[in-house]
Amino acid sequence: MIGSAKRVLAVAVAGLVVAAAATAQDAGMLPYRNPSLPANVRAADLVHRMTLEEKASQMVNHARAIPRLDVPAYDYWSEALHGVISDGVTEFPEPIGLGATFDAPGIHEMATDIGIEGRIKHVEHVKAGHSSTMEGLDFWAPNINIFRDPRWGRGQETYGEDPFLTARMGVAYVTGMQGNDPRYYRAISTPKHFDVHSGPEPTRHFADVDVSLHDMEDTYLPAFRAAVVEGHAGSIMCAYNAINGEPACANQFLLQHTLRGAWKFGGYVVSDCGAVRDIFEGHHYRPSQPEATAISVERGMDNECITYGEVKGDDDYKPYIEAVKKGYLPESMMDTALVRDFTARIKLGMFDPPSMDPYSKINPNELNSPAHRALALRLADESMVLLKNDGILPLKGAKKIAIVGPLADQTAVLLGNYNGQPTHTVSVLEGMKAEFPNAQITYVPGTQFLAEDGKPVPASALTTPDGKPGLLVQYSTGQGFEPNQIPLISRVEQGVDLNADNLPDAARGKTPLGVRWSGFIAATDTGDYLLGIKVKGGGRIVLDGRPVANTYGGDAFARVHLDKDIPAKLEVSYFYRSGDGPKIQLVWAPVDNKPDPAAIAAAKDADVVVAVVGITSRLEGEEMPVSQPGFLGGDRTNLQMPEPEEALVQAVAATGKPVVVVLMNGSALAVNWGKEHANAILEAWYSGEEGGAAIAQTLSGKNNPSGRLPVTFYKDVHQLPNFESYSMEGRTYRYFKGTPLWPFGYGLSYTNFEYGDLVLPKAVIAAGDPLNASVKVTNTGQLAGDEVVQLYLQFPDVPGAPIRALRGFKRVHLAPGASETVAFKLDRRDLSMVTERGDRIVAEGKYNISVGGGQPGTGVPVASGSFEVKGRITLPQ
């Protein structure tokens with residue numbers, strides 16, 4: 001069968017080339033340069049003209065220039081999860097916060113703005129002669145994996161635990177970014193990571209995930225299907241892990257049967273970075289790298305992400321040449337992949353006159369424009385979830401406000417992960433001072449934990465590898481944590497304290513710049529220390545051969561143990577690409593997590609205490625070293641608030657003053673004590689560059705909170721199944737039978753809403769027919785506010801059906817006393833469920849429907865009813 005497919009593909013590509021040549025003779029130009037031809041025909045002509053080595057050099061993310069064909073170099077790797085990864089851009093809330101908005105039109109608008117900013121930055125780089133990582137128009141976003149378990153560190157990148165919500169947000173992102181021009185993309189959106197990928201982080205390069213057909217069709221596939229079939233995503237990223245015995249980037253069921261077969265996907269598949277190498281090195285699925293590369297291309301992978309930044313030599317694409325020469329891979333299959341890759345580049349306008357591409361005319365003033373910042377604030381406002389309020393909020397009449405918590409004056413936490421750098425980020429402290437200009441505001445961090453501070457490590461604590469004072473340092477032109485093979489200068493320095501003023505002459509003006517300090521560090525007292533780097537750029541600390549902290553932008557700290565006068569081997573690596581000059585400093589401090597008495601004193605003197613606490617993307621995130629209790633390799637090992645912050649909140653609450661807890665986090669926190677004792681709790685996520693303003697405006701009442709939880713908040717980790725199990729039994733609101741701390745879809749408001757006049761079909765509907773439903777929503781309170789109207793279905797008693805499932809939502813704004821009739825139309829897929837054996841059906845029988853401010857039975861106002869379906873149909877995958 002595979003041999004037959006190879007022949008068909010070869011004939012198809014050859015046919016495209018012949019058709020292109022015939023048309024091009026009339027046009028008087030090379031076919032691939034002829035804009036009147038279809039993009040895939042042009043791509044086939046171009047690929048047909050390449051040598052084997054030239055073809056191989058295009059199979060990787062850092063595609064090389066082919067001067068004789070006038071093909072420029074291009075790096076496919078760019079990121080834009082919630083803003084372009086670049087400088088001077090707009091950074092919106094982390095996607096878990098965007099999920100809390102339940103605002104698909106808002107996500108579409110945001111993705112449009114991100115695509116515009118991506119175009120502007122790309123033009124800047126091209127004009128400057130660059131073609132490197134994070135400078136292209138293929139953006140590897142959104143992350144539409146399902147946040148099945150709150151311990152997963154990258155769950156913050158997703159829209160939450162629900163397939164329906166994730167699908168709607170994913171389609172909104174894809175269509176917003178790519179635009180609606182029939183010929184050209186504004187930018188290409190790449191939904192990731194296909195598929196069944198959600199931790200644990202430390203095992204992702206070799207884990208083989210067992211998943212049933214039911215869970216695949218019911219939970220893991222729907223969002224990707226929507227992004228492809230409805231959103232027409234131009235690209236898809238395959239994941240690291242294996243699924244049911246086959247690596248994701250060589251998985252027949254996912255790439256061939258489902259993506260290309262059932263969904264008719266016509267774009268290109270890019271691997272996650274290093275995933276093709278994992279097929280050999282991690283999964284041992286093939287006995288050599290050329291064979292692993294070959295099977296990945298045969299199964300449908302078209303472009304391999306393997307290098308970051310500047311690349312020299314052919315190590316990245318050499319396996320493709322070897323695979324063809326050794327007979328593992330027909331060259332025609334490489335041609336098929338490259339036609340997909342170059343079709344995408346042609347549809348991005350890269351081979352056409354700029355005058356033909358409507359997206360080449362974007363005004364550069366739209367970069368980080370006031371309108372974009374205003375949208376960032378609006379989405380941050382909408383993401384705020386009020387979890388508890390005994391009436392203390394909104395804050396009115398408070399003359400003295402004590403703000404405690406280490407995160408209140410930080411901005412990096414607001415930007416989450418996979419973020420660019422805005423021109424200005426509003427901290428909570430800055431936002432509070434602006435929102436409460438007449439109040440006396442006192443700020444005390446209150447705990448060393450997450451304070452990201454320390455004193456410079458002195459020269460007396462450092463020795464070079466040969467025992468001299470200080471550290472040996474090597475400067476080179478390089479990218480990432482490994483020095484390039486082009487050294488600039490090597491010398492001994494007294495410590496790690498580099499800036500633009502003390503940069504050696506040999507390294508001035510050299511970018512990308514790589515620096516490595518090596519030697520030993522020793523403490524004068526035995527104990528635990530915070531060891532960190534305050535940095536502009538990327539940095540890493542390795543202690544006794546073990547990476548303990550790393551960052552690709554912003555400060556990074558680790559908790560380490562040092563014994564008195566016993567040297568520990570130390571390596572500090574740094575890379576810098578661009579900006580206002582390099583900067584890195586190594587600092588340390590003895591660990592002391594007791595609540596600061598100054599915070600307690602400030603609380604006693606205040607009318608109200610605002611405690612800004614939680615976690616950060618330095619603790620939860622993508623495969624990284626983390627040395628704090630409760631975290632492992634980027635994931636979490638429990639759901640509790642970190643102990644130092646819990647102690648701080650309890651200490652200020654013990655003063656008897658009202659306490660408002662503001663949570664910053666990308667995953668559910670089990671704040672059981674806070675739910676019982678705090679006066680109010682506001683879930684703020686990682687809320688983007690305007691996050692501090694949105695939080696302050698929510699506390700003041702200027703913003704009426706309207707976010708809803710996109711994940712279940714569990715009471716503790718014992719309510720969860722094994723993290724490594726991908727079975728959905730007992731997971732998420734659809735299959736969890738216990739009592740959560742707060743349920744999916746939950747969120748309070750400063751006003752009240754009522755539901756009534758639910759209208760449903762009176763007659764039985766036939767399986768396959770749509771369902772029309774409507775409900776009247778009324779604001780019965782004293783304040784204007786948004787309500788998120790949520791529609792849930794409970795299915796007939798068929799094995800495989802969930803407890804209930806979200807099948808519609810709409811955000812509406814209502815003035816006090818106003819009403820609106822909200823209508824829903826559910827199609828056959830909305831009405832469907834998945835059987836135990838994995839068939840998607842519209843089942844026969846009685847359906848219960850609930851439309852309201854959250855799930856039925858959770859204490860929120862709802863209107864409920866039922867309808868009946870006659871007959872049963874099976875839907876295509």
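Helix α5 (residues 104–127) and helix α14 (residues 370–383) have axes that come within 11 Å and cross at roughly 145°. Here an axis is a line fitted to C-alpha atoms, for helices over the stretch in contact, and angles run from 0 to 180 degrees between N-to-C directions. Helices (H or I, at least four residues) and strands (E, at least two) are DSSP runs, numbered from the N terminus. The crossing of α5 and α14 is left-handed; that label applies if the near helix is turned anticlockwise from the far one by less than a right angle, and right-handed if clockwise. On the α5 side the contact (heavy atoms within 4.5 Å) uses Gly106, Glu109, Met110, Asp113, Ile116 and Glu117, and α14 supplies His372, Leu375, Arg378 and Leu379. Sorted by class, that makes four nonpolar, two polar and four charged residues. Ala, Val, Leu, Ile, Met, Phe, Trp, Tyr, Cys and Pro count as nonpolar, Asp, Glu, Lys and Arg as charged, and the others, Gly among them, as polar.

Keep in mind that this is a predicted model: local features need pLDDT of at least 70, side-chain atom pairs count only at pLDDT 80 or more, and totals for chains, interfaces and linings use all residues. Residues are numbered from 1 along each chain as its sequence is written, and side-chain values use heavy atoms, with hydrogens and water left out.

Next, look at α6 (residues 163–178) and α8 (residues 222–230), whose axes come within 8 Å and cross at roughly 30°. Pro163, Thr166, Ala167, Arg168, Val171 and Val174 of α6 meet Pro222, Ala223, Ala226, Ala227 and Glu230 of α8. Eight of these contact residues are nonpolar, one is polar and two are charged.

Gln289, Pro290, Thr293, Ala294 and Val297 of α11 touch Pro319, Tyr320, Glu322 and Ala323 of α12.

The whole structure holds eight cavities of 30 Å³ or more. On a 1 Å grid over the protein atoms alone, a cavity is a set of points where a 1.4 Å probe fits but cannot get out, and lining residues have an atom within 4 Å of a point. The largest cavity has a volume of about 250 Å³, and of its 21 lining residues the closest to the centre are Ala556, Phe557, Ala558, Arg618 and Leu619. Strand β22 gives the largest share of that lining, four residues. The second largest cavity holds about 70 Å³ and is lined by residues including Gln410, Glu452, Asp555 and Arg618.

Most residues other than glycine have a negative phi, and most peptide bonds are trans. Phe102, in the loop between α4 (95–101) and α5, has a positive phi of about 50°. The Ala141 to Pro142 peptide bond is cis, with omega near 5°, and Pro142 sits in the loop between β3 (138–139) and α6. Another cis bond joins Phe194 and Asp195, with omega about -5°.

How values were computed: On a 1 Å grid over the protein atoms alone, a cavity is a set of points where a 1.4 Å probe fits but cannot get out, and a pocket is an open set with protein on both sides within 12 Å along at least five of seven lines; lining residues have an atom within 4 Å of a point. Grid points are joined across faces, edges and corners, and a volume is the space filled by probe spheres set on the points.
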